[in-house]
Amino acid sequence: MEELANLFHGFSVVLQPYNIMLMFIGIVLGVIVGVLPGLGGANGVAILLPLTFSMSPTSAIIMLSCIYWGALFGGAITSILFNIPGEPWSVATTFDGYPMAQQGRAGEALTAAFTSSFVGALFAVIMITLVAPLVANFALRFGPAEIFSVYFLAFCSFIGLSKEPPFKTLASMMIGFGLGAVGLDQVTGQLRLTFGFESLLSGFDFLIAVIGLFGIGEILLTMEEGLSFRGKAAKINLKIVFQTWKELPRYWMLSLRSCLIGCWMGISPAGATPASFMSYGIAKRISKRGKNFGKGEIEGVVAPETAAHAAGTAALLPMISLGVPGSPTAAVLLGGLLIWGLQPGPLLFTEQKDFVWGLIASMYMGNIVGLIVVLTCVPIFAAILRIPFSVIAPIILVLCAIGAYTVNNNAFDVVMMLVFGIAGYFMKKTNYPLAPMVLAIVLGDKAEESFRQSLLGSQGSLSAFWANGLVSTIMTLGLIALFWPILQGLWTRLRGAAGLRAAQ
Amino acid sequence: MSDALNESGGAGPSHRGVEIGVAVFMAALALIGVYGSLKVGIGWADEGPQAGFFPFYISLLVLISCAVNLVQTFTKSDDGALFASWAQLRKVMSVVVPTAIYVFVLTYIGIYLASALLIATFMRWLGRYRWSVAIGVAVLVPVLTFFMFEKWFLVPLPKGPIERYLGF
C-alpha cells in the first residue's frame with residue numbers, strides 16, 4: 001500500500017493553491033488549443049513549454065499535462081458543434097455528434113462526450129496508478145539490449161499498426177532518426193552530418209519539428225481547404241446534463257469495452273486516433289441500434305470519446321515508467337522532462353517521487369477540473385471558432401514562432417520551423433505519417449546509444465538481442481507487430497481455407 | 001481527366017507527380033546522410049561502432065523505403081488525381097510567403113514589430129478588414145505577448161530598435 005501513500009502525497013502536492021491555479025490555466029489553454037484549427041495537443045504543449053522553464057518540474061508537468069487533457073476535451077466541442085474535428089482523434093465523434101447537434105440535441109451530445117471522456121481518462125489513470133510502478137520496478141533490471149528492444153517494439157508497432165502504407169511510415173521514421181543523429185555523437189563525442197554548418201552543431205530540436213510539422217503544416221492545410229466555420233449553437237444547462245447523466249449508466253458495457261480498447265491502443269504507440277475509430281466500429285457492430293449509427297445515436301458519441309481519452313491518457317504510462325512516449329504529445333512532455341533536468345525512465349519512480357506522483361494525482365484532478373470547465377464554458381469556447389481564420393491564422397503563426405524561438409533562444413530555429421512546416425504539409429498530403437518522425441527525433445539518441453552499447457557487449461553480433469528470455473520475448477513481440485498486417489492476412493487465408501474444407 | 005478538373009475547380013499539379021517528388025527528395029536527404037556517415041566512418045574502432053555507424057544504416061533504410069514507394073507509385077495506374085488546384089496552392093503560398101519574410105526579418109526588427117506587421121497584413125490582405133480593426137488587433141496581440149512572456153513568465157524574446165528605444 002506504499003503506492004496509496006505516495007498517491008496521497010501526490011494529491012497534497014497538487015492541491016497547493018499555486019498548482020491548482022496552474023491546473024485551471026492549463027485546462028483553459030488546452031481547450032482553446034484543442035478548439036483552434038492548426039493548434040493540436042502536441043504543438044500546443046510544445047509552444048507553451050517555454051512558459052514553464054522558470055517553474056519547478058512538478059508545477060510545470062501539472063500545467064502541461066492539463067493542457068493535454070484540455071486539448072482532449074476541446075476536440076469534442078468542434079466535432080459536435082461544427083462538424084470539424086479539432087483533433088484527429090475526434091473525427092469519429094463527428095459521425096454521430098454532429099447529427100445530434102443538427103437535431104437540436106447538442107447539449108446532450110456534448111454532455112455525453114465530456115462525461116465519457118472523463119470516464120475513459122479516469123479508467124486509464126487508475127490503470128496507470130496500479131500498473132506504472134510495477135512496470136517501472138520491473139524495468140529497473142533492464143540492460144541496454146532490453147532498453148533497445150522496448151524502443152524496437154514501439155517503433156515496429158508503429159509500422160505494423162498504422163493505417164498509412166508501411167514503407168511511408170518507415171521512411172518518415174528513419175528520416176526522423178537521421179535528423180536526430182545530426183550534431184554531436186553522444187557516444188564518441190564526434191561531430192557528424194553537420195557539413196561545417198555552425199547552426200547544425202546542436203542538431204535538430206524535436207520541439208521545432210513538432211511546432212513546424214503539426215502547427216505550420218496544419219495551418220497550410222486549413223488554408224488550402226478554405227474552411228469556413230458554420231456551427232450549431234451550444235446550449236448546455238444543468239437539466240440537460242443531469243438528464244444525460246441519468247441515461248449514460250445504461251451504456252456501461254460499451255464504456256468498459258471502449259476503455260479497454262483505449263488503454264490497449266494507448267500503451268502501444270498506435271494512439272488515440274485508431275482507438276476512437278476501432279471503438280466506434282465495434283460499437284456499431286455490436287449495438288442493437290447499430291444501424292442508427294451515423295444518424296445521431298448517443299452510443300456513437302460515447303464509444304469514440306471514451307476510447308480516445310483512455311488512449312490519450314494511457315499513452316503516458318510507457319512515458320513515465322519506461323521513458324518511451326506513446327504519442328507525439330507524450331513525446332513533447334518527455335522532452336520537457338529533459339529540459340527541466342529530469343532523466344526519464346524507470347528511475348523516476350524512485351528518484352523523483354514528488355514529480356511522478358504529482359503527475360499522477362494531477363491526472364485525476366485535471367480531468368475533474370476539465371470536466372467542470374468544459375461543461376460550464378462550452379459557449380465561450382465555441383465562440384472562439386467564430387473568429388475568422390484570417391485573424392486566427394496570423395496569431396497562431398506568431399505563437400508558433402515565439403514557441404520555436406524560445407526553445408533555445410535561437411532565431412535560426414524559427415526558420416527551421418517554417419521548413420518543417422512546408423515539409424509537414426507535403427508529407428501530410430502524400431500520406432506520410434508525422435508522429436513516427438517526431439518520436440524518432442526524440443528517441444533517436446537514446447535508441448542509438450542502447451543499440452551501440454548492446455553491440456559492444458556482444459562484439460558487434462546481433463545475438464545480443466536474443467541473449468536471454470526477456471529481451472528475446474520483447475524483440476519477438478516487436479517482429480510480430482512489424483509483420484502484423486502480413487500475419488493477419490495469412491491467418492484469414494488459413495481460416496478461409498479451413499472453412500472451405502469444412503464446408504466441403 | 002476532365003472530370004477531375006471540374007471537381008476540384010481548376011488545374012494543378014498531379015498527385016502522382018508530387019508523390020514522386022517527395023520520395024525523390026527524401027532519397028536525396030538519405031544520400032546526404034550516407035555521404036556524411038561515410039565521412040566520419042561507419043565501421044568499428046577500438047571503442048566500438050564509429051559515429052557514422054547508426055546514421056549510415058538509417059539512411060540505407062530510407063533509401064530502400066523510398067525505392068519501394070516509388071515503385072508502388074509507378075505500378076499503380078495514374079488516376080489523374082490532383083495534388084491541389086493552382087487556386088488552392090496560391091492560398092497556401094499566401095501564407096508561406098509572408099511567414100517566410102516574417103521569420104527572416106524578426107531577428108533584425110524584433111519579434112513584436114514583425115508580428116504586428118504580419119497580423120496587419122494578413123487581416124487586411126486576406127481578411128479584407130478595415131485598417132482600424134486590423135491595426136487594433138495587430139497592436140493588441142504583441143502587447144499581450146509582451147506582458148505574458150517578458151513580464152509574467154520571464155522569457156525574453158528577440159527585440160529590435162523600437163524596443164531598445166523604449167528602454168527594454
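Is the crossing of H7(A) and H21(A) left-handed or right-handed? The crossing is left-handed, and the legends below place this pair among other parts of the predicted model.

**Figure 1. Helices H7 and H21 of chain A in the predicted model.** Helix H7 of chain A covers residues 144-161, and helix H21 of chain A covers residues 469-482. Their axes come within 7 Å and cross at roughly 15°. Because angles under 35 degrees count as roughly parallel, H7(A) is therefore described as roughly parallel to H21(A). H7(A) contributes Ala145(A), Glu146(A), Ser149(A), Val150(A), Phe152(A), Leu153(A), Cys156(A), Ser157(A), Ile159(A), Gly160(A) and Leu161(A) to the contact. From H21(A), the residues in the contact are Leu470(A), Val471(A), Ile474(A), Met475(A), Leu477(A), Gly478(A), Leu479(A), Ala481(A) and Leu482(A). Sorted by class, the contact of H7(A) with H21(A) holds 15 nonpolar, 4 polar and 1 charged residues.

**Figure 2. Helices H2 and H17 of chain A.** Helix H2 of chain A (residues 17-35) packs against helix H17 of chain A (residues 353-384) at an angle of about 50°, and the axes lie 9 Å apart. H2(A) and H17(A) are therefore oblique to each other. The crossing in which H2(A) passes H17(A) is right-handed. On the H2(A) side, the contact is made by Met23(A), Phe24(A), Ile27(A), Val28(A), Val31(A), Ile32(A) and Val35(A). On the H17(A) side, it is made by Ser362(A), Met365(A), Gly366(A), Val369(A), Gly370(A), Val373(A), Val374(A), Phe381(A) and Ile384(A). The contact of H2(A) with H17(A) has 13 nonpolar and 3 polar residues, with no charged residues.

**Figure 3. Helices H4 and H6 of chain A.** Helix H4 of chain A spans residues 57-82, and helix H6 of chain A spans residues 106-139. The two axes come within 10 Å and cross at roughly 155°. Since angles over 145 degrees count as roughly antiparallel, H4(A) is roughly antiparallel to H6(A). H4(A) passes H6(A) in a right-handed crossing. Trp69(A), Leu72(A), Phe73(A), Ala76(A), Ile80(A) and Leu81(A) of H4(A) meet Ala106(A), Ala109(A), Leu110(A), Ala113(A), Phe114(A), Ser117(A) and Ala121(A) of H6(A). By class, this contact has 12 nonpolar residues, 1 polar residue and no charged residues.

**Figure 4. The contact between chain B and chain A.** Chain B provides 55 residues to the contact, and chain A provides 51 residues. Several elements of chain B each supply at least two residues of the side that touches chain A: helix H2 (15-40), strand E2 (48-49), helix H3 (53-75), helix H4 (86-109), helix H5 (111-125) and helix H6 (131-152). H4(B) gives the most to this side, with 11 residues. By class, the side of chain B that touches chain A has 38 nonpolar, 14 polar and 3 charged residues.

**Figure 5. The domains and elements of chain B.** The domain assignment gives domain 1 (2-75) and domain 2 (86-166) in chain B. Taken over C-alpha atoms, the centres of domain 1 of chain B and domain 2 of chain B are separated by 35 Å. Chain B has 7 helices and 2 strands, which follow the pattern α-α-β-β-α-α-α-α-α along the sequence. The radius of gyration of chain B is 24 Å, well over the 15 Å that the globule rule gives for 168 residues, so chain B is more spread out than a compact globule. Along the principal axes, the C-alpha atoms of chain B fill a box of roughly 65 × 55 × 25 Å.

**Figure 6. The elements and extent of chain A.** Chain A contains 22 helices and 2 strands. The radius of gyration of chain A is 22 Å, close to the 23 Å that the globule rule gives for 504 residues, so chain A is as compact as a globular protein of that length. The C-alpha trace of chain A spans about 70 × 70 × 50 Å along its principal axes.

Note on methods
Residues are numbered from 1 along each chain as its sequence is written. Chains are lettered from A and ligands numbered from 1 in the order in which they are written. This is a predicted model: local features need pLDDT of at least 70, side-chain atom pairs count only at pLDDT 80 or more; totals for chains, interfaces and linings use all residues. Domain bounds come from an automatic or database domain assignment. Axes are lines fitted to C-alpha atoms, for helices over the stretch in contact, and angles run from 0 to 180 degrees between N-to-C directions. Helices (H or I, at least four residues) and strands (E, at least two) are DSSP runs, numbered from the N terminus. Angles under 35 degrees count as roughly parallel, over 145 as roughly antiparallel, 65 to 115 as roughly perpendicular and the rest as oblique. A crossing is left-handed if the near helix is turned anticlockwise from the far one by less than a right angle, and right-handed if clockwise. Two residues are in contact if their C-beta atoms, placed from the backbone, lie within 7 Å. Ala, Val, Leu, Ile, Met, Phe, Trp, Tyr, Cys and Pro count as nonpolar, Asp, Glu, Lys and Arg as charged, and the others, Gly among them, as polar. The radius of gyration is taken over C-alpha atoms; the globule rule is 2.2 Å times the number of residues to the power 0.38.
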